[in-house]
Amino acid sequence: MKYYDKLIFELSRKGRQGYSLPDTDWAESTVSIPDGLKRASMPALPEVSEPDTVRHYTNLSDMNFGVDTGFYPLGSCTMKYNPKINEEIAGMAGFQDIHPLQPRSTVPGVIKLYRDLSSALSAITGMAAFTLNPFAGAHGELTGLMIMRRYHICRGDLGRTRVIVPDSAHGTNPASAAVCGLETVQVKSLPDGTIDVGHLKTLLDDTVAGIMMTNPNTLGLFETRIEEIAGLVHGCGGLLYYDGANMNPLLGVARPGDMGFDIMHLNLHKTFSTPHGGGGPGAGPVGVAERLKPYLPLPRTDGEEPEENAGRISGFAGNFGVLMKAYAYILMLGRQNIRMAGPLAALNANYIKESLKDCYRLPVDRVCKHEFVFDGLEDRSTGVTTLDVAKRLLDYGFHAPTVYFPLLFHQSIMIEPTETESLETLDAFIGVMRKIAREAVEDPDMVKSAPHNTPVRRPDETEAARHPVLKFTDNRFNEDNYNRCGTGRL
Amino acid sequence: MSFAYFPHTPDDIAVMLERAGVSSLEELYSDIPDSLRFKGEYDLPDAMSEMEVRRYFEALDRSNTKLTVFCGAGAYDHYTPSAVKYIVSRSEFLTAYTPYQAEISQGTLRYIFEFQSMICELTGMDCANASMYDGPTSAAEAMLMSVASSKKRRRILVSSTLLPQVLDVVKTYASYHGIRLDVVGQAGGNTSLSSLDALLAEGDVAGVLVPGINRYGIIEDLTGFADAVHSSGALLAVYSDPSSLAVLKTPGEWGADIACGDGQTLGIPLCFGGPYAGFLACRQNLMRKLPGRIVGATTDMDGRRSFVLTLQAREQHIRREKATSNICSNQSLMALFVTVYLSLMGPDGLKKVNDLSYGGAHYLHDRLLATGKFSDVFDRSFLKEFVLGTTLDTDVLQQSLLDAGFFGALRTEEGYVSFCVTERRTKAEIDAMVDVIDKIG
């Protein structure tokens, strides 16, 4: 990685062009639009040649770290390998050129993909049916909660306005509940992060719409009392929502549908290998139990539109391009390889945990699933923090783990290796983590001022928030545009 | 068993199990009650090789009818320059996560900053976020933002001329969030200012959402809208086609407080509806109410210009149930798509795209009227999309076009037929489609 300091606007020169479009065949142009409907001046977009544009973005890419660059042990994010066949398939011209409103009769291949992927997800999770529309995990959560509310409302059960969320849950859970008009009630966690069933019992009444859970939980531990929890929540008339963020270790082992969950979402960009794309696009399909099928949202690719539907939640039927990638991965896995996916993910996590627990604090010393959490360095005498360890890892060519989450501990380091990493990669990571633990004692200032080998070093986030600069403004560039457009709008 | 994506040899597994202190992979799951272990056979196909996977998808592709698209209605068949596809396929961008570790994510952070800058430039707004899921959900977020900004008001007005899917998604979000939604009527294909005034007079309005180009393809005249909305203490949001903003009056120029819409028109392929990228931008005074990821400029320890995710105090992972949005990602790669597209097109290229679309659409419009089978519904300016009344049976019309390889004449809720022409359509294609229509009895 090397530092490169340009913005595309700074490469702009008046009169350059990076496009190639055909000459017009038409008599008319936008000149005919009445002035009152037109903007006063041309937008100040960059004017750059194609080669300069390509080189600029290639230089930017050289300041980025992806799964293809190196090990990405980011807890709760399941940064597994993104197969290349997926990209080729989603990029096929035939799929790229399909308009979303084409009649069903012209897109039997698309309809088949939706049906095949839905069935596969049902087989893997034990849910009766899926909507593939939600665009992301958070969108899936919101959709799932809408289904939950709609179910209660359609039954005339109007008082169910509260949803129970563990205090260890990711912030998205309560935020989704709030957007859906539900009040969040927190249920306490025990020291190992599992739900305090005693506390849960005190919260259950006829105002509860349901509970949102991950399983395994945020610490990578299985909620062993899940059947009892399901019985309690169902007993009071509520529904169980499964946040699929932690589904990966259950591939080939267990299914949320068999545990009593009524609604769930999956993150196809985590569990099913579609790339994260620097923050999206992802896909967050939502699965439901048989009795909730009528509440699935619109639009539907099966042509049905039951009155109970939860409403339209997206312009069209989700991120089709992402759905194809996930199904390509499922076909590669097949019924045979899926058996190994979860167990190998759990093996990798336990291998790292056991190899480092003498130099990093392990608050819950149990067999974990796909991930686990350290509470900082074992030897904190020199004041080196989790943030320092994370930044020092970057110097050694590894992405940092998730840090300061979960909030159960002050110095959380959450590590999730996934099943696609080799023993050699894990050993290299373990070696570096041990070395950093030694450096923290022997040369703490060096660790506290890490990273040292990255394009930039600890950008000032406080300054960024205090004096927000959220867009490019440069006088020279604007002046250039001013001269060209003849108006001084900027 | 071996598999291309799992590197573990049997020897590796043995070594690792020993370190993990268990005797088998099975034992890693000993805490899961036996009753919950899945012991059946997965109802999935047998594992396939790459070649077999490719065959499956090629068969899907062959079964779909290849059509020349003369339809818009929220998804537009614009051309994607080759360089855009090449850049977004670079795995340093493709396989990265959200840029939490700024030191090794400056590539993502910089292009998002460029994206935000370009969206501000197109919309005439002061700040933009890092992108939303799609257009309709960006409109829903604009509504939530208006309600959150007003504190007490719980009513939103939406124009009846918005795309149907935008109206539907906004309605869904409103119904769960306890927002009262009222629909503003139209007059002659344009949102009606008098209908808006009447609804505003009833009070309690937090925000008003109107389109820049509407469901009939008409360029809306929003003269007087901002004054009416602002004098009632509400916010004005305009839902725009960002490609058209190279030419048309911007939301900022109309006096809007919020701009939203779908970035799909900026070169993102149709792809059956996704992935696209919504955008959301606003005036400076609303900056801290803007949901989603936002990138800001700063300096690092050595004084180098750097970029970071900023204003995170707004977001769900900090504010939990007090957050006004649950958004925790963006459509980052699609934002890159848009950014590279706009870099290549520049102001002149984007204007030319509009000129070619405008010219083609008006040519088709005139040729259709000349067949004697269609009539104008509205006498208003349009850009690349328009609706007509027709004497033909709309089902027969659409099917005849499909049989000849064209997707056009989409039937609207009102019984009109809608057509759209982008720069990708040639004169020969338009003439061929009109010939088909000419021959319909």
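These legends describe close-up views of a predicted model.

**Figure 1. Chain B as a whole.**
Chain B holds 14 helices and 17 strands. Its C-alpha atoms fill a box of roughly 80 × 55 × 50 Å along the principal axes. The chain has 441 residues, and buried residues make up 59% of them. Consider contacts in chain B between residues at least 6 apart in sequence: 72% of these join residues at least 24 apart.

**Figure 2. The domains of chain B.**
Chain B is divided into domain 1, domain 2 and domain 3. Domain 1 covers residues 1-41. Domain 2 is written in two pieces, 68-79 and 346-438. Domain 3 covers 82-340. Between domain 2 of chain B and domain 3 of chain B, the C-alpha centres lie 28 Å apart.

**Figure 3. Where domain 2 of chain B touches domain 3 of chain B.**
Domain 2 of chain B gives 21 residues to this contact, and domain 3 of chain B gives 21 residues. On the domain 2 side, the elements that give two or more residues are α12 (332-370) and β14 (385-390) of chain B. The largest share of that side comes from α12(B), with 5 residues. By class, the domain 2 side has 11 nonpolar, 4 polar and 6 charged residues.

**Figure 4. Chain B against chain A.**
This contact takes 169 residues from chain B and 166 residues from chain A. On the chain B side, α12(B) gives the most, with 23 residues. The residues on the side of chain B that touches chain A divide into 87 nonpolar, 48 polar and 34 charged.

**Figure 5. Two packed helices in chain A.**
Two packed helices are described by the angle between their axes and the distance between the axes. Here the pair is α4 (residues 108-125) and α10 (residues 320-356) of chain A. They pack at an angle of about 55°, with axes 10 Å apart. The crossing of α4(A) and α10(A) is left-handed.

**Figure 6. The residues between α4(A) and α10(A).**
From α4(A), the contact uses L113(A), D116(A), L117(A) and A120(A). They meet L323(A), M324(A), A326(A), Y327(A) and I330(A) in α10(A). The classes are 8 nonpolar, no polar and 1 charged.

G107(B) lies in helix α5 (residues 106-123) of chain B. Is G107(B) buried or exposed? It is buried, because 29 other C-beta atoms lie within 10 Å, and the cut-off for buried is 20 or more. Leave aside its neighbours within four places in sequence. G107(B) is then in contact with L60(A), S61(A), M63(A) and N64(A) from chain A. Within chain B, G107(B) is in contact with E92(B) and F93(B). F307(B) is 200 residues from G107(B) along the chain, yet their C-alpha atoms are separated by 9.3 Å.

**Figure 7. A428(A) in α12 of chain A.**
A428(A) is found in helix α12 (residues 423-442) of chain A. A428(A) has 16 other C-beta atoms within 10 Å, so it counts as partly exposed. That class lies between exposed, at 12 or fewer, and buried, at 20 or more. A428(A) and F374(A) are 54 residues apart in sequence. From C-alpha to C-alpha, A428(A) and F374(A) are 18 Å apart in space.

Definitions and conventions. Residues are numbered from 1 along each chain as its sequence is written. Chains are lettered from A and ligands numbered from 1 in the order in which they are written. This is a predicted model: local features need pLDDT of at least 70, side-chain atom pairs count only at pLDDT 80 or more; totals for chains, interfaces and linings use all residues. Domain bounds come from an automatic or database domain assignment. Two residues are in contact if their C-beta atoms, placed from the backbone, lie within 7 Å. Helices (H or I, at least four residues) and strands (E, at least two) are DSSP runs, numbered from the N terminus. Ala, Val, Leu, Ile, Met, Phe, Trp, Tyr, Cys and Pro count as nonpolar, Asp, Glu, Lys and Arg as charged, and the others, Gly among them, as polar. Axes are lines fitted to C-alpha atoms, for helices over the stretch in contact, and angles run from 0 to 180 degrees between N-to-C directions. A crossing is left-handed if the near helix is turned anticlockwise from the far one by less than a right angle, and right-handed if clockwise.
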